[in-house]
Amino acid sequence: MIKTHNAQRTTHNANGFTLIETLLVIVVLAICLAPLCILVVNVVQKNSLSQAQATATGLAEAEMERVTSLRFSTVNDAAQAPFSNPFSSYSYEIAVDYVDANDLNTPVVGPTDYKRAQVKVSNAIIGSLTLTSLAANDW
């Protein structure tokens, strides 16, 4: 009796991924996700800058309100000093100059009826921000 062997092809289960397919997917995902990661980093950096600017503006406005609520005779310079917690990374400085009624932007020597007060708030992220206001002697 002669036995014949039928050459049967073996079929592989097509339910899984091969190593090549898996590596190809990883490479495609890495190429697609790299720009997205760069975008996220840029957005986070700009958000922290905006938050620091908004905080500095609020602190400067509050300090300017305090300065403008003082009597004319007590509005004076203040050396650089830090804000209290939780804003200790911010500092402020107040510069007060007498100005003439005809030119409110140029400091003059001697007492006049007008003072220009500048509140400068500084921080490592934003640098500095300055608000300017005028005080008048209301007798």
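Read from the N terminus, the protein chain runs α-β-β-β-β-β, which makes one helix and five strands (DSSP runs, H or I of at least four residues for helices and E of at least two for strands, numbered from the N terminus). The model is predicted, so local features need pLDDT of at least 70 and side-chain atom pairs count only at pLDDT 80 or more, while totals for chains, interfaces and linings use all residues. Residues are numbered from 1 along each chain as its sequence is written, and side-chain values use heavy atoms, with hydrogens and water left out.

Helix α1 takes up residues 19-68, and its 50 residues should span 74 Å at 1.5 Å a residue; the end C-alpha atoms sit 72 Å apart, which agrees (the expected span is 1.5 Å times one less than the number of residues). There is a bend of about 30° at L33, with a proline, P35, following within four residues (the bend is the angle between axes fitted to the seven residues ending there and the seven starting there).

As for burial, 18% of the chain's 139 residues count as buried (under 20% relative accessible area, 1.4 Å probe, protein chains only). In α1 the buried residues are A52, A56, L59, A60, E63, M64 and V67, and their cover includes β2 (91-100), β4 (114-123) and β5 (127-136).

Contacts (heavy atoms within 4.5 Å) can be sorted by sequence separation. Of those in the chain with a separation of 6 or more, 45% come from residues 24 or more positions apart.

Technical notes
Buried means under 20% relative accessible area, exposed over 50%, partly exposed in between (1.4 Å probe, protein chains only).
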